[in-house]
Amino acid sequence: MENYLANLGVLICVYSILAITLNFIMGYAGIFSLAHAVFFGVGAYTGGFLALNYSSSILVILPAAMITSAALSLLLAIPTLRVRGEYFVAASLGLQILAVTLFTEWKWFTGGIGGLVGIPPISIFGTEIFRPTSFFLVTLVALAVTIAIFGLLVRSNFGRSLRAIRDSESAAAAFGKNVPLIKTVSLAISAALAGMAGALYASYLSFINVESFMLDTSVLIMAMVIIGGTGTQIGPIVGAVVLLSLPSAISYLNFLPQSEIGAIQQIIYGAGMTLLMLFRPGGIVGSGGK
Amino acid sequence: MNYFRNFSAAAAVVALATPAAAEDITIGGLFPFSGTNAVYGDVLSSGAKLAVKHINADKMLSGTLSIAYEDTQALPQPAVVAMQKLVSVLEVPFTLTSFTGVSKAIAPIGARNEVVMINGGGVGPDLAELGEYFWNVIPLANLEVRASVPYVVEALGKTKFALIYVDDPLGGSIRNELEGVLEEIGGDLVSEMSIAPTAQQFSGLAAKVRSSGADAVYIASYGAQQVQIAKQLRDNGVDAQMISYSAYGVPDAMNLPENEGAIFTAQAVTLEASDPVTKRFVEDYKAEFGKDPAPYNVNYYNATMLFAILAQALEAEGKEITGANLLAKRKEMGSFDLVGGNVSFLDNGTLLFPIDVKQIEGGAARTLTTVDIK
């Protein structure tokens, strides 16, 4: 039972990091990205590739994954952050589709459709970490670092600038804020931390393929932010906990037929989300008003 | 008070005199019951359900066998959560698995915890490389080449092959196998063309096949794409013999007029066989589900039955039913009487089945020959 809970804990930590990073750009800067799974995937493939071919040291794979994801985010940000609102959503959707094709076709780096198999466990000063309980501690530390970084950022001048851009881009620009630069930096920070989550995910699972980084994942991360509470610090974590533990909890209801549990999960899931959005549109920990 | 004391003493005597009930035995079942591949959940698990019924009716094991089904959605991440539950909470020694991505994701967890995982649905050749705790009760796609290609060369006299293969582990392994087999039997691979998994336009490939002078073309693709390839090859004047593997045994491919005469391979399961295991399976499957069993049903029946055979042997020796003991017992026993006859495992944990070479005639498949793969 301990391992099972630790395993769930690892995934909750990884997805919490992803939700926090998306919340940072979505909730604070108003950048609605449908490509967050791309940054997650780039970090995962970078970490997995390095661990398989060079070193699985945490000091190698995490920085490499973060730099690669941040660099990719610049490629997206520089041309597309000049557009606003729904245009950026469309551009990020395009990147998501493009990335899935690249993940599938760039075989020497991603393993193609077959993915990367047998990724070595992450090592911290020579000690390999692969047991769920030990790995949970690693991801918990990563989550704490992420919370601290974004906590500091949103309370800083930078955070205030982001909120100003979210509320009125034109007004922020009129007050002398360098809107494209602030948006680009925020996206790069967000992508770097999402890349870190990807490297941890790849190391923990020992296997990654394109199925984990498709549009569904981007939508799932966005759902975690919205359900938890957009623009709040604890909301994305609550969203990740709810969306990852609810299906697992339902599978323990022994009176339900096990082979029908998937359909029942989806009914409960869908109904819950609809009711939540009807009666608490700000999310579980967000403001309740419409 | 005396009454209570006497009752307690009597209850204690009865409890000591009554033999302890045998513990129930649980194995895992990782199938997609929701999501885009939900349709496979029931298809893949029905054979296993029938096997459980037979095993319990025959009292093969000391306790009642049951399968703890977990929904994977055919995706790696939910599968890892489900596998951890099976391994850490339910502590199963053995689990049924399906789908390539799912199988690769759970393989390290199974190997670390010494839990046997057995696949009866995926045919990706890399499923043979997931360690000794991962077994396959289905012939993998690369083995099918060893049946069809020699037949086409020797019986039909076609020696110049073109290959169209999807650019993934499946296509790559078929290419490797085809090159090796053709070299062995004196055929030539005159042209090989890789395609993206999402490609749908193949008229250019047809021109290349024509210009290569190939008299046989092997199609290593699946789903809607394989149908498009066949159609566009014929529409663009390719009259070479078309050959493929088990993914061709689906209604879409069989009913395509352009596929008339195409040859494909499939796992040989003689459902008409008179051995008691096959006979009982076929009769009871029809009675239970109202239709003829398909190879997937056979495979998961066999996978579950294999567990019972191994566990029964371990119990007879007084050994615990663990993944490590099941693996050792499989290696010791070597071959097994399952649906389709007596079968044995390769060293890499893949079950060897004879393979049928079939030809499409009027939308149906006619078996040309059955080949024992070595």
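1. Start with one residue pair in chain B. Thr26(B) stands opposite Ser66(B), a residue of β2(B). The strands concerned are β1(B), residues 25-31, and β2(B); they run parallel and are joined by seven bridges. This is a predicted model, and the points below should be read with that in mind.

2. The sheet around that pair is open and has five strands. Its order is β2-β1-β3-β4-β5 (chain B), and the pairing is parallel. β2(B) and β5(B), the latter spanning 134-136, are the edge strands. Each has a single partner strand, so one side of each lacks a neighbour in the sheet. Neighbouring strands are turned by 25 degrees against each other on average, direction ignored.

3. Which helices pack here? One is α3(B), which touches β1, β2, β3 (94-97) and β4 (116-119) of chain B. The direction of α3(B) makes about 150 degrees with that of β2(B). Another is α12(B), residues 323-333, which lies across β3, β4 and β5 of chain B. Helix α12(B) runs at about 45 degrees to β5(B).

4. Chain B also holds an open sheet of seven strands, with mixed pairing. The order reads β7-β6-β8-β9-β10-β14-β15 (chain B). At the edges stand β7(B) (188-195) and β15(B) (364-371). Each has a single partner strand, so each keeps one side without a neighbour in the sheet. From one strand to the next, the twist averages 25 degrees.

5. Two details of this seven-stranded sheet deserve a look. Strand β14(B), residues 355-361, pairs with β15(B) in the antiparallel sense over seven bridges. There, Ile355(B) has Val371(B) of β15(B) as its bridge partner. Elsewhere, helix α7(B), residues 203-212, lies across β6 (160-166), β7 and β8 (216-220) of chain B. Helix α7(B) runs at about 170 degrees to β7(B).

6. Now the interface. In chain B, 29 residues are in contact with 34 residues of chain A. The buried area is about 2,600 Å², and carbon and sulfur atoms give 57% of it. On the chain B side, Gln77(B), Lys85(B) and Arg112(B) lose the most area to chain A, together 22% of what that side buries.

7. β2 (65-71), α3 (76-89) and α4 (100-112) of chain B each supply at least two residues of the side that touches chain A. The largest share, eight residues, comes from α3(B). By class, this side of chain B divides into 15 nonpolar, six polar and eight charged residues.

Definitions and conventions: Residues are numbered from 1 along each chain as its sequence is written. Chains are lettered from A and ligands numbered from 1 in the order in which they are written. This is a predicted model: local features need pLDDT of at least 70, side-chain atom pairs count only at pLDDT 80 or more; totals for chains, interfaces and linings use all residues. Side-chain values use heavy atoms; hydrogens and water are left out. Contact means heavy atoms within 4.5 Å. Buried area is the accessible area (1.4 Å probe) that two parts lose on being put together, summed over both. Helices (H or I, at least four residues) and strands (E, at least two) are DSSP runs, numbered from the N terminus. Ala, Val, Leu, Ile, Met, Phe, Trp, Tyr, Cys and Pro count as nonpolar, Asp, Glu, Lys and Arg as charged, and the others, Gly among them, as polar. Two strands pair if DSSP finds at least two bridges between them. Axes are lines fitted to C-alpha atoms, for helices over the stretch in contact, and angles run from 0 to 180 degrees between N-to-C directions.
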